[in-house]
Amino acid sequence: MVGGEAAAAVEELVSGVRRATDFAEQFRSYSESEKQWKARMEFILRHLPDYRDPPDGGGRLDQLLSLSMVWANHLFLGCSYNKDLLDKVMEMADGIEVEDLPQFTTRSELMKKCTW
């Protein structure tokens with residue numbers, strides 16, 4: 001009855017994904033578009049096992065949520081942050097595909113174009 005065992009394993013996997021998605025949903029900001037939330041939720045779910053709060057507290061989950069906001073704000077709003085922080089979140093997000101990202105021009109790029 002290998003087929004029954006495989007089906008049970010698949011059902012358990014699907015159930016686990018559903019629970020993780022439901023858990024992450026509580027962290028969605030009301031101002032996030034569906035596209036922004038899907039990308040940030042993927043970031044959160046990818047790293048959730050490494051950032052679970054220890055039994056004595058510690059705020060690891062808060063740290064993950066903050067990192068996810070830094071990444072999303074940089075990607076979707078063009079916010080800039082400390083280089084080390086940006087390097088960290090970009091490394092954490094490696095492989096997350098987001099289509100149709102906005103293009104931003106930095107102040108220094110604009111100033112280079114000025115011919116006063």
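Start by selecting Asp87 and Lys83: both sit in helix α4 (residues 83-92), four residues apart, about one turn of the helix. Helices here are DSSP runs of H or I with at least four residues, strands are runs of E with at least two, and numbering starts from the N terminus. An α-helix has 3.6 residues a turn, so residues three or four places apart point the same way. Show the side chains and you will find a salt bridge between Asp87 and Lys83, with the closest N and O atoms 2.7 Å apart. The term salt bridge is used for a side-chain nitrogen of Lys or Arg within 4 Å of a carboxyl oxygen of Asp or Glu. Asp87 is partly exposed, at a relative accessible area of 38%, while Lys83 counts as exposed at 58%. The classes are buried under 20% relative accessible area, exposed over 50% and partly exposed in between, using a 1.4 Å probe and protein chains only.

A word on what you are viewing: this is a predicted model, in which local features need pLDDT of at least 70 and side-chain atom pairs count only at pLDDT 80 or more, whereas totals for chains, interfaces and linings use all residues. Residues are numbered from 1 along each chain as its sequence is written, and side-chain values use heavy atoms, leaving out hydrogens and water.

**Zoom out**

Now show the whole chain as a cartoon. Of its 116 residues, 26% count as buried. Contact means heavy atoms within 4.5 Å; among contacts between residues at least 6 apart in sequence, 52% join residues at least 24 apart.

Next, select Arg28 and Glu34, whose side chains meet in one of them at 3.2 Å, N to O. Arg28 is partly exposed, with a relative accessible area of 28%, and Glu34 is also partly exposed, at 44%.

Then pick Glu32 and Arg40. Their salt bridge brings the closest N and O atoms to 2.6 Å apart. Is this pair, Glu32 and Arg40, buried or exposed? Both residues are buried, and Arg40 has a relative accessible area of 2%.

**Around Arg40 and along α2**

Keep Arg40 selected; its place is in helix α2. Display its surroundings, leaving aside neighbours within four places in sequence, and the contacts of Arg40 include Phe27, Arg28, Glu32, Leu65, Met69 and Trp71.

Now colour helix α2 (residues 34-47). Its 14 residues should span 20 Å at 1.5 Å a residue, and its end C-alpha atoms are 20 Å apart, which agrees; the expected span is 1.5 Å times one less than the number of residues. The buried residues of α2 include Trp37, Met41, Phe43 and Ile44.

**Rings to finish**

How many aromatic pairs does a search of the whole structure find? The search finds one. Select Phe43 and Trp71: their ring centres are 5.3 Å apart and their planes at 20 degrees, so the pair is stacked. Phe43 lies in helix α2 and Trp71 in helix α3 (residues 60-77), so this pair links parts of the chain 28 residues apart. Rings of Phe, Tyr and Trp (its six-membered ring) pair if their centres lie within 6.5 Å, with planes under 30 degrees apart counted as stacked, over 60 as edge-to-face and the rest as tilted. Phe43 and Trp71 are both buried.

Last stop: Arg60 and Tyr51. The charged end of Arg60 sits over the ring of Tyr51, 4.4 Å from the ring centre; the rule asks for NZ of Lys or CZ of Arg within 6 Å of the ring centre and within 35 degrees of the ring normal.
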